[in-house]
Amino acid sequence: LILSLAAAALNSWIEWHHRIFPVYFLVHLPVGAVGKSVARACLSSLFSAAVPLADVGLALSVLNVCQSAVSIIAPLYGGMLLGHAGIASQPIIASANYCILLLLSYAVLAKPAVSAATTGLEGKKC
């Protein structure tokens, strides 16, 4: 997930530095599509692994609803930003948004798991 977000941010940043359509069509569009697919697959895997086995169906349906909501809100958010900053700034805005997602993902995923051994609660009953 973190690698796909980093690749998407880098792809958008590089896209900002040129305006050549064939490069956009042959490089940036496929990299963006692959990055989005990998990020969705990783997110689904992480989401389903974070819940008990009995609740995986519920968790994946909630994730699907959230992804659908983001698909509705994202164009409105993007349109508002582009309305203020102009269409030429789209790649750098996308890169900044990917960097924010990257930092949030790293902050959430990099936390060490708290185990019973580190808390001193192994073998103790409540």
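Residues are numbered from 1 along each chain as its sequence is written. Because the model is predicted, local features need pLDDT of at least 70 and side-chain atom pairs count only at pLDDT 80 or more, while totals for chains, interfaces and linings use all residues; side-chain values use heavy atoms, with hydrogens and water left out.

## Overall architecture

The protein has 5 helices and 0 strands, where helices (H or I, at least four residues) and strands (E, at least two) are DSSP runs numbered from the N terminus. From the N terminus on, the order of elements is α-α-α-α-α. Of the 126 residues, 17% count as buried, a term that denotes under 20% relative accessible area, with exposed meaning over 50% and partly exposed the range in between (1.4 Å probe, protein chains only). Among contacts (heavy atoms within 4.5 Å) between residues at least 6 apart in sequence, 61% join residues at least 24 apart.

The expected span of a helix is 1.5 Å times one less than its number of residues. The 15 residues of α1 reach 21 Å from the first C-alpha to the last, close to the 21 Å expected. The buried residues of α1 are S4, L5, A8, A9, N11, S12 and E15. Seen down the axis of α1, these residues fall within an arc of 160°, so they line one face of the helix; the arc is that of the directions from the helix axis to the C-beta atoms. Among the elements that cover them are α2 and α4.

For α4, the 20 residues should span 28 Å, and the end C-alpha atoms are 28 Å apart, which agrees. Its buried residues are P91, I93, A94, S95, L102 and S105, and they pack against α1 and α3.

## Selected residues

| Residue | Helix | Relative accessible area |
|---|---|---|
| S95 | α4 | 6% |
| A8 | α1 | 10% |
| L82 | α3 | 24% |

S95 is buried and touches A9, S12 and W13, not counting residues up to four places away in sequence. Both A9 and S12 are listed among the buried residues of α1. A8 is likewise buried; its C-alpha atom is separated by 9.7 Å from that of A39, which lies 31 residues away along the chain.

L82, by contrast, counts as partly exposed. With residues up to four places away in sequence left out, L82 touches I87, S89, Q90 and I93. L82 and I93 are 11 residues apart in sequence, and their C-alpha atoms are 8.5 Å apart in space.

## The largest pocket

Rolling a probe the size of a water molecule over the atoms shows where empty space is left. On a 1 Å grid over the protein atoms alone, a cavity is a set of points where a 1.4 Å probe fits but cannot get out, and a pocket is an open set with protein on both sides within 12 Å along at least five of seven lines; lining residues have an atom within 4 Å of a point. Grid points are joined across faces, edges and corners, and a volume is the space filled by probe spheres set on the points.

The largest pocket has a volume of about 1600 Å³. Of the 43 residues that line the largest pocket, L5, V70, A74, Y98 and L101 are the closest to its centre. At least two lining residues come from each of α1 (2-16), α2 (21-49), α3 (56-85) and α4 (90-109).
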